Amino acid sequence: MLRSLVGSEMCIRDSISGTVTEFSLAYNGNAKSLPIVSFVADQGATITTCVLENLTSGENFAFVGTVTSGVALDIDCDLGTVLNSSADNLSNFSGVFLGLVRGTNNLRFSGQNCTINIDYYERYF
C-alpha cells in the first residue's frame, strides 16, 4: 500500500494495485470520514464489477457496469456521486456510501484487477 498526502489540505491517499483482495487501512480521526474511492482500469482490461466492503463497519457497495481501460470510476461517499469517466453512473451503484471509522478498517475488494485509490481526510470532533 502506498500512502501519500494530496493537495494542501492534508488529504491522505492510500493506493492498492494488483490482485490484492483484502487490506487494512489505519484511520486516526475520531469522527467518521467519507472517502472518495477510485477504481482505475489501468491493468490493460476493462472493469465490469467492483465490490468494496468495510469489514470493520459492515458497510459495503457494488458497481456493476463497464469501466473501459485507462478510465477511472470515482465514488464520492461524501457527496453521494458515482462518476464513470466523469459521467454520472449512479444507476449502476448499489449498497451504501461507506465510511472509515477510528482504528483499523479491514477492507475487502472483489472485481477485476485495477488500482484502487482511497482519498480521505482524518476528521476530528
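**Before you start**

The model is predicted: local features need pLDDT of at least 70, side-chain atom pairs count only at pLDDT 80 or more, and totals for chains, interfaces and linings use all residues. Residues are numbered from 1 along each chain as its sequence is written, and side-chain values use heavy atoms, with hydrogens and water left out.

**Stop 1: the whole chain**

Show the chain as a cartoon. The protein chain has zero helices and 12 strands. Both kinds of element are DSSP runs numbered from the N terminus: helices are H or I with at least four residues, strands are E with at least two. Now colour by burial. Of the 125 residues, 39% are buried; buried means under 20% relative accessible area, exposed over 50%, partly exposed in between (1.4 Å probe, protein chains only). The accessible surface comes to about 6200 Å², and carbon and sulfur atoms hold 51% of that. These areas come from the Shrake-Rupley method with a 1.4 Å probe, and for residues only the protein chains shown count as cover.

**Stop 2: the five-strand sheet**

Select β3, β11, β5, β6 and β10. They form an open sheet in the order β3-β11-β5-β6-β10, with antiparallel pairing. Strands pair if DSSP finds at least two bridges between them.

Zoom in on β6 (residues 59-67) and β10. Three bridges join these antiparallel strands. Phe63 stands opposite Phe93 in β10.

**Stop 3: the hairpin**

Move to β7 (residues 72-76) and β8 (residues 81-84). Four bridges join β7 to β8, running antiparallel. Asp76 has Thr81 as its bridge partner in β8. The two strands form a hairpin with four residues between them, and Gly80 in the turn has a positive phi of about 75°.

Select Ser38: its bridge partner in β7 is Asp74.

**Stop 4: the aromatic rings**

Rings (for Trp, the six-membered one) pair if their centres lie within 6.5 Å; planes under 30 degrees apart count as stacked, over 60 as edge-to-face and the rest as tilted. The count comes to five aromatic pairs. Tyr27 and Tyr120 form an edge-to-face pair, 6.0 Å centre to centre with 65° between the planes. Tyr27 lies in β3 and Tyr120 in β12 (residues 115-120), so the pair ties together parts 93 residues apart in sequence. Both tyrosines are buried.

Next, pick Phe93 and Phe97. Their ring centres are 4.5 Å apart and their planes are at 10°, so this pair is stacked. Phe93 is buried at 13% relative accessibility, while Phe97 is partly exposed at 23%.

**Stop 5: the core**

Finish inside. A nonpolar core is a set of buried Ala, Val, Leu, Ile, Met, Phe, Trp, Tyr and Cys residues joined through side-chain atoms within 4.5 Å. The largest one has 28 residues, and Phe39, Leu52 and Phe61 have the most contacts inside it. Centre on Phe39. Its contacts (heavy atoms within 4.5 Å) include Leu52, Phe61, Ile75, Phe109 and Ile116, leaving aside residues up to four places away in sequence.
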